[in-house]
Amino acid sequence: MSDTINLTLKIWRQKDASSPGKFETFKLDGVSTHMSFLEMMDVLNEKLIKENKEPIAFDHDCREGICGMCSMYINGRAHGPLKGTTTCQLHMRHFHDGQTITIEPWRAKGFPVIKDLVVDRNAFEIIMQAGGFVSVNTGSPADANAILIPNPIAEEAMDGAACIGCGACVATCKNASAMLFVSAKVSQLALLPQGQVERAERVMNMVKAMDEAGFGNCTNTGACEAECPKEVSVSHIARLNREYLMANLKNR
Amino acid sequence: MSSITKIFSPTIGRKVLMALTGLFLCVFLCEHLYGNLLLYYNDHGHQFELYTHILTRTLLIRIVEYVLFGSFIIHMIDALMLTINNKKARPIGYAMQKSSENSSWYSRNMGLTGSIILFFLIVHLRTFFFPHRFLGDTGSMFAEVVEAFKNPLYSGFYILSVIILGLHLNHGAQSAFHTLGLSNKSYAPIIKLCGTVFALIITLGFASVPVAFYFEFLK
Ligand code: FES
């Protein structure tokens, strides 16, 4: 089996947020199957730079699947065809020789395209600022394990905290809904003792910020969970709904 | 009033409204199915007629009828509003989207199945409900059922519609529980299973009647 493949890449190009974009097709030969998807993009960009062309803008940072910076809608799927994998952790061995790969940016009103494959995910930051935190008094560090948390609860909170905020849930949802992201962030704090003080206020504010950012409404198709690189469960969405209704009952 | 608008203006509130009306319509389906299954007494519709008679004479049922119509209308308008909102949330679509890899067809097409059910409902009400309720038709409901199912075209349309209804319920019923927050990791599979069983009972129950008439098991 040969270790290199030849590819045709159909990539979305867009000069800036206000320009209309279009697909551009590139041929890339001799791509090592051991490369990651982003390394393949690097090779393409080096080629473009040598040809005196504008390289393709795309987001990336850690390249080890933990920061949530990489994105890309690859061949009709967020982060490509593998389950539980970010684009940076996707390797070219999952593609075959002669394949055409279509690469698009995340598509959502809440995530406007800035350039090529880069989208503005600031909406997630705004949602986090609305309530995705716990207020603590600063001072000397508290004793570890001073507050006891049963293991199953800690585990469930960790499952929510595993969300890296990449936005694949929004990108893949037919309604461009951000419910999986918001539910993961609400869940992790609602489950823990430290999150109790702001519990009701948090969920109300975060849902409000989510709606204002222009994300759609969840219709429970479950696509987000299937495409989430951290496999965050939609059961967090059920918890978010429950938290939201309880907060309404308590507050008013 | 303000607290009501506060709950229902955000998107989750509107979905709760979808879930509540949807579940109420599910209860109605059970009641309707119960009535239809009375035909299996095979007594030339005696029990069935008795039942429709009681329904039309009970004040409480008359009141619930209005709640039912209200639920239908809210369910539809709310769905329409949410759908418009959802379309706005993605102004530019993807050139390539492999949705079948991550979600079921019926969960993604609730609007389509819902619209078909609405069309069926209009035809269905015109055939059975309106003449009796509003046009002063006092003839036998049973005779009309027999008459309608004599037409294989109508029977086929009826069966197809209840299959579509089954698909709608298969997603809708469990989805309603999810939206109301009445689900978690361990209950979700059970709730899903119950939703599917419910959808199957409704579809098979309703579809069996025209089939039974066709094979002259019922007469
Ligand atoms: S670059 Fe950090 S998760 Fe992919």
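This is a predicted model: local features need pLDDT of at least 70, side-chain atom pairs count only at pLDDT 80 or more; totals for chains, interfaces and linings use all residues.
Figure 1. Leaving aside residues up to four places away in sequence, B:Ser175 touches A:Thr219 and A:Asn220. The relative accessibility of B:Ser175 is 10%, and the residue therefore counts as buried, the limit for that class being under 20%.

**Figure 2. The contact between chain A and chain B.** Chain A contributes 49 residues to the contact and chain B contributes 37 residues. About 3,600 Å² is buried between the two chains, and carbon and sulfur atoms give 52% of this area. On the side of chain A, the residues that lose the most area to chain B are A:Arg107, A:Asn217 and A:Asn220, which together make up 18% of what that side buries. A:Asn220 is also one of the residues touched by B:Ser175.

**Figure 3. Elements of chain A that face chain B.** Between chain A and chain B, 31 residue pairs are in polar contact, with both residues at pLDDT 80 or more. At least two residues of the side of chain A that touches chain B come from each of the following elements of chain A: strand E5 (100-104), helix H3 (151-161), helix H4 (168-172), helix H6 (199-212), helix H7 (223-227) and helix H8 (235-251). Helix H8 of chain A gives the most to this side, with nine residues. By residue class, the side of chain A that touches chain B holds 22 nonpolar, 16 polar and eleven charged residues.

**Figure 4. Salt bridges of B:Lys185 with chain A.** Side chains of opposite charge can pair when their charged atoms come close. Across the interface of chain A and chain B, three salt bridges are found. In one salt bridge, A:Glu156 is paired with B:Lys185, and the closest N and O atoms are 3.1 Å apart. B:Lys185 also meets the side chain of A:Asp159 in a salt bridge, at 3.1 Å from N to O. B:Lys185 lies in the loop between H8 and helix H9 (188-214) of chain B, whereas A:Asp159 lies in helix H3 of chain A, so this pair joins two chains. With a relative accessibility of 38%, B:Lys185 counts as partly exposed. A:Asp159 is likewise partly exposed, its relative accessible area being 33%. A network of salt bridges links A:Glu156, A:Asp159, A:Arg239 and B:Lys185.

**Figure 5. The salt bridge between B:Glu101 and A:Arg77.** The closest N and O atoms of B:Glu101 and A:Arg77 are 3.4 Å apart. B:Glu101 is placed in the loop between helix H4 (59-88) and helix H5 (105-108) of chain B, and A:Arg77 in strand E4 (residues 77-78) of chain A; the pair therefore joins two chains. B:Glu101 counts as partly exposed, at 47% relative accessibility, whereas A:Arg77 is buried, with a relative accessible area of 9%.

**Figure 6. A salt bridge within chain A, formed by A:Glu198 and A:Arg202.** Over all chains, the count comes to 16 salt bridges. Among them is the pair A:Glu198 and A:Arg202, whose closest N and O atoms are 3.8 Å apart. A:Glu198 counts as buried at 14% relative accessibility, and A:Arg202 counts as buried at 2%.

**Figure 7. The aromatic pair of B:Phe119 and B:Phe157.** The structure holds 21 aromatic pairs over all chains. One of them, formed by B:Phe119 and B:Phe157, is edge-to-face, with 5.9 Å centre to centre and 75° between the planes. B:Phe119 belongs to helix H6 (residues 110-133) of chain B and B:Phe157 to helix H8 of chain B, so the pair ties together parts that are 38 residues apart in sequence. B:Phe157 counts as partly exposed, at 23% relative accessibility. Both residues belong to a cluster linked by ring pairs, which comprises B:Phe119, B:Phe120, B:Phe142, B:Phe149, B:Tyr154, B:Phe157, B:Tyr158 and B:Phe213.

**Figure 8. The aromatic pair of B:Tyr214 and B:Phe215.** The ring centres of B:Tyr214 and B:Phe215 are 5.2 Å apart and the planes stand at 90°, so this pair is edge-to-face. B:Tyr214 and B:Phe215 are both exposed.

Terms used:
Residues are numbered from 1 along each chain as its sequence is written. Chains are lettered from A and ligands numbered from 1 in the order in which they are written. Side-chain values use heavy atoms; hydrogens and water are left out. Contact means heavy atoms within 4.5 Å. Buried area is the accessible area (1.4 Å probe) that two parts lose on being put together, summed over both. A salt bridge is a side-chain nitrogen of Lys or Arg within 4 Å of a carboxyl oxygen of Asp or Glu. A polar contact is a pair of N or O atoms within 3.5 Å; within protein, one must be able to donate a hydrogen and the other to accept it, and residues adjacent in sequence count only if both atoms are side-chain atoms. Helices (H or I, at least four residues) and strands (E, at least two) are DSSP runs, numbered from the N terminus. Ala, Val, Leu, Ile, Met, Phe, Trp, Tyr, Cys and Pro count as nonpolar, Asp, Glu, Lys and Arg as charged, and the others, Gly among them, as polar. Buried means under 20% relative accessible area, exposed over 50%, partly exposed in between (1.4 Å probe, protein chains only). Rings of Phe, Tyr and Trp (its six-membered ring) pair if their centres lie within 6.5 Å; planes under 30 degrees apart count as stacked, over 60 as edge-to-face and the rest as tilted.
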